[in-house]
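Subject: Structure handover

Hello,

Here is the structure you asked about, with notes on what turned up in it. Please look it over before reading on.

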Amino acid sequence: MASTSAQLTTHLQTKYSLPVSPTWLNAFLASTQQHRTVPLSALTQTAHFRLLASDFRDSLTTETSSSLLPADIFDPTVQERRLQGPIPVQVLDIDDIGTSLWSQVEAIERVERGEAVRGREIVRTVNVDDSEGVTRGASTTTTNAGAHESGGSNGPHRLILQDARGTRAVAIELKSVGGIALGSMAIGAKLVLRDVTVARGMVLLTPECVTLLGGKVEALDLAWREGRKQRLLDRLGEMERGQE
Amino acid sequence: MSPTKILCVAEKPAIAKAVAQHLSGGSVRTIPIRGNPYVKNYVFDFNFGAPWGNCAVTMTSVLGHLTKLEFEKQYRGWQSCLPESLFEAPVFELVEDDKKAIAKNIQEQARYCQALFIWTDCDREGEHIGTEIRKHAKKGNARIVVKRAKFSNTERAHILNAARALIELDDLQANAVAARTELDLRIGAAFTRLLSIQLQPLTEALANKVISYGSCQFPTLGFVVDRYLRVKNFKPEKFWGIKVMHTREDIKVNFLWKRVHLFDRAVVTVMLERCLMAKNAKVTKVNQKPTSKWRPLPLTTVDLQMMGSRYLRMDSQAIMKAAESLYTKGFTSYPRTETDQFDKGIDLKKLIEKQFPDNNWGQYARGLLDGGFRTPRAGRHNDHAHPPIHPICWVAPTALNADEKKVYEFITRRFLACCSEDAKGHSSEVEIEYGDELFHAKGLTVLERNYLDVYVYDKWESSQQLPNFRVGELFEPTEAKIFDGQTTAPNYLTEPELIGLMDANGIGTDATMAEHIAKIKDREYVVVHTRGSGRNAAKVFIPTWLGIALVEGYDNIVSGLPDSPSLSKPFLRKEMESRMRDICAGAMTRHDVVHESLDKYHEVFIHTVRRINMLKDAIRKYSSQIGAS
């Protein structure tokens with residue numbers, strides 16, 4: 001038993017850079033006790049899958065400081081620093097800072113009405129057999145000049161990341177990273193950061209320093225989605241009040 | 001043996017006259033008909049070739065549609081029945097009083113003729129009018145042989161060719177029109193009565209006002225309201241970007257940020273700091289290449305309306321009226337076409353040559369035939385009925401009224417532009433990497449204007465020249481700083497934009513779009529305002545309180561009903577138009593299409609009756625706002 005747990009811990013660390021917490025692992029093993037004959041590789045798979053759906057604050061150990069964000073990561077007086085990692089983090093929020101809030105609201109409302117825009121054509125997305133070419137967030141008239149045409153979200157994206165200890169950091173998609181997009185990336189999705197630059201408290205994401213593990217935390221994701229339009233509207237409201 | 005007698009019938013008197021002139025070579029007798037001052041019979045001889053040979057011809061015309069679809073008498077009064085029963089009430093075709101003399105003329109003339117040749121316009125409506133003519137001719141002579149002339153302008157040689165290459169009437173196209181006519185009548189009458197009866201009593205402003213519904217009108221209104229609300233609800237937001245400037249060879253080169261701008265100031269600040277930290281920018285790309293601005297595609301109706309309302313300061317209806325009259329007089333080709341490619345058989349050079357006498361573009365036309373001629377680009381559309389709109393012959397500007405002159409000039413310049421070389425230029429582009437960010441600068445030199453000389457509507461001008469940069473070189477930009485700005489609301493809808501939306505969403509045909517736009521103005525659902533002044537002035541559509549209330553009311557009625565799109569949206573109408581195409585292609589019958597579409601609209605009608613209070617609430621809400629302000 002002890003050896004299984006040690007082997008699993010090592011596997012998860014070497015294969016996915018996830019330092020799993022002994023408490024979580026024991027609970028996991030207890031829940032899979034009846035399948036004692038399951039080979040280790042399958043067990044690792046299951047553990048990995050559960051980890052992606054878990055909250056890292058419960059499932060990862062906070063013992064190794066190299067796999068945690070520095071507590072003062074937000075410090076804006078630090079011009080530049082490098083974190084070697086690997087640091088596993090989960091996504092708490094994602095935002096497209098290349099697109100105005102208002103055009104994001106308009107895009108959400110179009111989806112609510114069951115419409116999408118294809119060039120100048122308005123197409124129905126509900127109860128229609130051919131769902132080809134359904135674009136999200138494609139508004140060419142209110143995204144400002146030069147905004148890219150259709151497809152996912154434009155980016156760059158701003159994320160809020162959280163480590164196993166609960167430390168949060170703002171991250172910016174400095175160079176486009178596959179998989180980071182509104183819609184396709186869920187809240188609670190997991191990333192591993194390696195050799196990443198932090199400038200003025202912002203983690204600068206590039207494809208070289210990010211490994212996307214995927215996954216989501218169902219409850220967080222659902223709440224985030226349901227509240228997204230209202231949050232955008234609230235921020236617009238704040239902005240308006242700020243200008244008065 | 002006496003010569004074969006032939007009856008020819010055109011869609012309008014002017015076409016009958018023009019065709020009669022061409023076929024007769026000028027020796028023609030004109031006989032007025034009893035009971036209609038516009039329609040004439042033209043009598044002459046013509047040899048149609050085998051199998052007809054030399055014939056005695058009577059050429060006459062109708063005035064558009066001969067018959068009209070109507071409900072039976074007991075359903076015609078507004079209070080005579082529940083509006084809903086109009087979905088099923090019996091309908092019949094009748095000849096309106098002012099067309100009776102024309103119908104009688106055809107019936108009588110047919111009696112003496114062996115064959116009927118139909119010369120209506122070659123489009124769906126024309127095909128349907130052809131079947132109406134056939135029906136009345138057969139009343140006079142059940143054994144009459146029926147043929148149809150295929151033509152797309154009234155130029156002499158073209159007409160003579162058409163007369164000797166007769167084809168059959170296309171009943172499928174006529175059926176599509178018959179289906180649409182029935183649907184428009186039933187759906188329009190049912191909803192119009194319901195709306196008028198229910199909404200008139202609500203406010204003084206609507207007393208005695210017909211609140212009409214049309215399946216094209218409403219989505220057209222929907223586009224106007226949708227844009228209006230987007231303007232109204234718009235919230236401006238600040239954005240920030242990075243501007244890099246470098247002086248070299250006494251030229252200040254402005255580099256534009258690849259990200260354009262972002263909506264997060266802190267992020268932009270960090271990005272700029274990282275540029276400055278890097279100190280040097282590196283040239284990653286230098287592109288020097290010949291470039292060209294393409295000459296326009298051959299002209300379609302939708303393009304004529306869009307471009308025309310943009311450059312000629314005329315609304316689409318006035319443009320179509322002028323184009324129609326130019327066609328009838330034989331100066332331009334048929335103005336209703338979707339085709340943006342010229343047939344290989346057409347003699348373009350001959351058409352260009354006809355423009356030599358013109359004071360403004362005659363010289364240019366000469367230049368085309370002296371070696372400047374290029375085969376026009378071919379677009380992707382071909383309705384297989386008409387060529388792109390083009391001039392048939394030259395006309396002195398003094399012979400035209402102001403609107404016709406503008407439209408003729410546009411059509412001709414566009415045609416000459418199509419037959420010209422693209423404009424040529426030289427472009428240079430420099431891309432630099434500065435910190436983690438990319439910037440670029442562009443320069444353009446126009447070398448040969450070519451088609452731009454005649455097509456004065458397009459603009460393409462040289463910009464600043466770029467100094468020399470080498471790939472891989474490092475330099476420290478003279479200046480890099482943050483700029484800020486604010487998003488601005490979209491503009492109210494202009495006519496070209498509205499036509500573009502209607503076209504993309506299948507509302508109306510190129511032939512009817514202008515009518516639908518005129519209709520929503522007539523009904524006081526929208527008004528036209530002028531935005532800006534002078535050269536930049538543009539006419540924009542703004543909905544009235546009634547227009548907004550109707551759209552909001554309808555949207556509310558269907559909200560939460562998953563299978564019922566609002567009548568203010570284009571979906572139902574678009575589906576109907578595609579069913580029309582199915583009839584034309586023989587894939588569906590008229591009967592099936594009518595039933596299927598009626599079922600769909602009937603369902604929406606039932607919802608509307610059930611939730612009519614939502615519509616009433618919207619009317620009360622907006623009419624009281626008007627009263628208060």
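**The Toprim span and the domains of chain B**

UniProt, in an unreviewed entry, lists residues 5-152 of chain B as "domain: Toprim". Please keep in mind that this is a predicted model. In that model the span 5-152 of chain B is 28% helix and 34% strand, and its end C-alpha atoms lie 25 Å apart.

**The six-stranded sheet of chain B**

Chain B has an open sheet of six strands, ordered S2-S3-S4-S1-S7-S8, with mixed pairing. S2 and strand S8 (145-148) of chain B each have a single partner strand, so one side of each is left without a neighbour in the sheet. From one strand to the next, the twist averages 25 degrees.

The pairings I can describe for this sheet are as follows.

- Strand S2 (residues 29-33) of chain B runs antiparallel to S3(B), joined to S3(B) by five bridges. B:Arg29 stands opposite B:Val43 in S3(B).
- S3(B) and S4(B) are also paired in the antiparallel sense, over six bridges. B:Val43 faces B:Thr58 in S4(B) as its opposite residue.
- Strand S7 (residues 115-119) of chain B and S8(B) run parallel and are joined by four bridges. Here B:Phe117 has B:Lys147 in S8(B) as its bridge partner.

Helix H1 (residues 13-24) of chain B packs on this sheet and touches strand S1 (4-10), S3, S4 and S7 of chain B. The direction of H1 makes about 20 degrees with that of S3(B).

Two hairpins belong to these strands. The hairpin of S2(B) and S3(B) has two residues between the strands, and B:Gly35 in that hairpin takes a positive phi near 95 degrees. The hairpin of S3(B) and S4(B) has six residues between the strands, and B:Gly49 in its turn has a positive phi of about 80 degrees.

**Helices H3 and H5 of chain B**

Two packed helices are described by the angle between their axes and the distance between the axes. For helix H3 (residues 124-140) and helix H5 (residues 171-199) of chain B, the axes come within 8 Å and cross at roughly 95 degrees. That makes H3(B) roughly perpendicular to H5(B). By class, the contact between H3(B) and H5(B) has four nonpolar, four polar and four charged residues. On the H3(B) side the residues include B:Arg124, B:Glu125 and B:His128, and on the H5(B) side they include B:Asp171, B:Gln173 and B:Val177.

**The three-stranded sheet of chain B**

A further open sheet in chain B has three strands in the order S16-S18-S17, with antiparallel pairing. Its edge strands are S16 (493-494) and S17 (526-531) of chain B, each of which pairs on one side only. S17(B) is paired with strand S18 (residues 538-543) of chain B over six bridges, in the antiparallel sense. B:Arg531 has B:Ala538 in S18(B) as its bridge partner.

**Backbone points to check**

Most residues other than glycine have a negative phi, and most peptide bonds are trans.

- B:Asp250 is not a glycine, yet has a positive phi of about 65 degrees. B:Asp250 is in the loop between strand S9 (238-248) and strand S10 (251-257) of chain B.
- The peptide bond from B:Ala50 to B:Pro51 is cis, with omega near 0 degrees. B:Pro51 is in the loop between strand S3 (36-47) and strand S4 (54-61) of chain B.
- A:Gly85 and A:Pro86 are joined by a cis peptide bond, with omega about -5 degrees. A:Pro86 is in the loop between strand S1 (81-83) and strand S2 (87-96) of chain A.

**Domains of chain A**

Chain A is divided into domain 1 (2-53), domain 2 (65-97 + 155-243) and domain 3 (101-153). Between domain 2 and domain 3 of chain A, twelve residues of domain 2 are in contact with nine of domain 3. Which helix gives the largest share of the domain 2 side? Helix H6 (residues 218-243) of chain A does, with six residues. By class, that side of domain 2 of chain A has five nonpolar, three polar and four charged residues.

Regards

Methods. Residues are numbered from 1 along each chain as its sequence is written. Chains are lettered from A and ligands numbered from 1 in the order in which they are written. This is a predicted model: local features need pLDDT of at least 70, side-chain atom pairs count only at pLDDT 80 or more; totals for chains, interfaces and linings use all residues. Two strands pair if DSSP finds at least two bridges between them. UniProt positions are given in the numbering used here, feature names are shortened, and annotations may be inferred rather than shown by experiment. Axes are lines fitted to C-alpha atoms, for helices over the stretch in contact, and angles run from 0 to 180 degrees between N-to-C directions. Angles under 35 degrees count as roughly parallel, over 145 as roughly antiparallel, 65 to 115 as roughly perpendicular and the rest as oblique. Two residues are in contact if their C-beta atoms, placed from the backbone, lie within 7 Å. Ala, Val, Leu, Ile, Met, Phe, Trp, Tyr, Cys and Pro count as nonpolar, Asp, Glu, Lys and Arg as charged, and the others, Gly among them, as polar. Domain bounds come from an automatic or database domain assignment.
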